[in-house]
Amino acid sequence: MKIWRTISRRLPWLDIPALVLIVIVGLLSFKYEDFKDDFPRLITWQLRAYQWITSHGSRQPEVKWITPVEIDDKTFYEFLGNQTRNEVTDRRFLAKLVEAATQAGAAVIALDINLDETPDDKRSGPGQTLEDDDSALFAAIMGAQEAQIPVVLTFGFRRDMVPVPQIFDDRSVFEGRGISYRFPEDEVPTPRPAWVARYGFDHPADDLRKVPLTTVGIEGSGKNFDFYSFALQIADAYSQALSGLLKQAGHATVPETTVLADKLTEHEFVYTTFMPAEDFVNPQLRAFGPEQAGPISAIEVFCDPSPGKEWDVKVCNDRNPERVKLASSLMRGRIVLIGGDRHGYKGEEGEEDYLDNHESPVGPIRGMYFQANYVEGLLDNRVLFKVRPWIAALIDVALAAFMLWVVSLRRGFWTRTGLIVVLLFAPALLAWCAAISLHYCLDFMFPLVLLLLHPAIESYIHLVHGPHGKEHAHE
């Protein structure tokens, strides 16, 4: 009790309401990721604040490496003839897209498409050979390899963190070995060339601002295994391809192009800055005017009849021939990201009806554009690293104590309340400095908003327990 009286005399601002709030701020900061999903509005504020903080720096994000190819409503529902979200993208059509990207001279081809194995993918009987459409897609992947263009495929995990079986799991792509989950240079027993096909997991983090990098799963033998993300595999494939081109041209390789991915494998995730989907539309496409200024549609890459297929080739007549010619040149030397950007059912038009649609710091975007942002952010080194929870909690507690001390220098309910509001901009400034100068994300500071409750809690305690007795000098 004497210790408390001594503290009260020397730190009169550290009263019970202040202590309660400091403890709450520390606990909420430490557990912030666990409870924020219960407050959707808090997530929205967090996303908007994050975008403001990360977009006010000297390095503004811009699209440099990705060319998206959308399997949009016109492709999926009109040309391919599908009706609902439950149908899959025709594998033979995907093969045609891969072949077109290979012929165009893409640097990397990435398929953000679900290729989980189903009973319909393999014929029954000895050998369980692939169905014709799947065989066509596999042949297209091998064709890209022959042209030394790496193809990156995506996969997901089961609940027990075992990879979901994929249709090409038992297909040999190099020296009798299948598509690898490792980086080619880390493959055992011997490394592979960088242009051999590879897998990367697509599971998003609990916070979609986080660029997934590595996660521990279980391989076929039952042992723990470090799996790499779809975005990290794409970034590594492009970096290796660029390094190879520099060697062929007789130039020394840039160190960052070969060590970037290896450095990032030390982290579970990083943060990056975001661009809206319209930023990925090439300026040459925007020149066609507002009505035709969208990204490349898959039917602008391939839209021809195929034997045994009932594809509606009449749709092809609606294409702009100049955009079709331009599509090939826009894929040359780029990462061609093929993915879905469509509604759940034929005829739907609303923003809320899009498949794989999620909130981001720049508003709702589809999953393929999260991947595009991840890859651009990694290759441009626009990454922010996470702060350990206990360090975050200590920073929040220290800031909370400092802010309450500053407020104690002033008297009056409204004066203190106004000063707290002003001081809440200090964490935003600190977060901005940490992001721009130190590459750390400090958005855990949102619990500091609770300091606005200090006057109310203090008033409540005074109301219930009455005024404090006056302190005497002899105590």
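## The disulfide

C303 and C316 form a disulfide, with their sulfur atoms 1.9 Å apart; a disulfide here is a pair of cysteine sulfur atoms within 2.5 Å. This is a predicted model, in which local features need pLDDT of at least 70 and side-chain atom pairs count only at pLDDT 80 or more, while totals for chains, interfaces and linings use all residues. Residues are numbered from 1 along each chain as its sequence is written, and side-chain values use heavy atoms, leaving out hydrogens and water.

A search of the whole structure finds one disulfide. The torsion about the S-S bond of C303 and C316 is about -85°, so the disulfide is left-handed. Both C303 and C316 sit in the loop between α11 (298-301) and α12 (321-331), 13 residues apart. C303 and C316 are buried, where buried means under 20% relative accessible area, exposed over 50%, and partly exposed in between (1.4 Å probe, protein chains only).

## The chain as a whole

The chain has 17 helices and 13 strands. Helices (H or I, at least four residues) and strands (E, at least two) are DSSP runs, numbered from the N terminus. Of the 475 residues in the chain, 47% are buried.

The chain exposes about 24100 Å², of which carbon and sulfur atoms supply 57%; accessible areas come from the Shrake-Rupley method with a 1.4 Å probe, and for residues only the protein chains shown count as cover. Among contacts (heavy atoms within 4.5 Å) between residues at least 6 apart in sequence, 73% join residues at least 24 apart.

## Nonpolar cores

A nonpolar core is a set of buried Ala, Val, Leu, Ile, Met, Phe, Trp, Tyr and Cys residues joined through side-chain atoms within 4.5 Å. The largest one holds 60 residues, and I109, L137, L153 and F168 touch the most other members. Helix α6 (residues 91-104) gives the most to this core, with eight residues. Another core, of 40 residues, lies apart from it and includes W65, V211, F230 and L337.

Leaving aside neighbours within four places in sequence, L137 is in contact with R91, L94, A95, V98, L111, L115 and F168. In soluble globular proteins, nonpolar side chains tend to be buried together.

Strand β3 (residues 151-155) is mostly covered, with five of its five residues buried. V151, L153 and F155 point one way from β3, while V152 and T154 point the other way.

Two strands pair if DSSP finds at least two bridges between them. Strand β2 (residues 108-112) runs parallel to β3 and is joined to it by three bridges; L111 has L153 as its bridge partner in β3. On β4 (residues 198-201), the pairing with β3 is also in the parallel sense, over four bridges, and Y199 is the bridge partner of L153 in that strand.

## Backbone exceptions

Most residues other than glycine have a negative phi, and most peptide bonds are trans. Q148, in the loop between α7 (132-146) and β3, has a positive phi near 60°. At 47% relative accessibility, Q148 counts as partly exposed.

The loop between β3 and β4 holds E175, which has a positive phi of about 50° although it is not a glycine. E175 counts as exposed, at 58% relative accessibility. P189 also has its place in the loop between β3 and β4, and a cis peptide bond with omega of about 5° joins V188 and P189.
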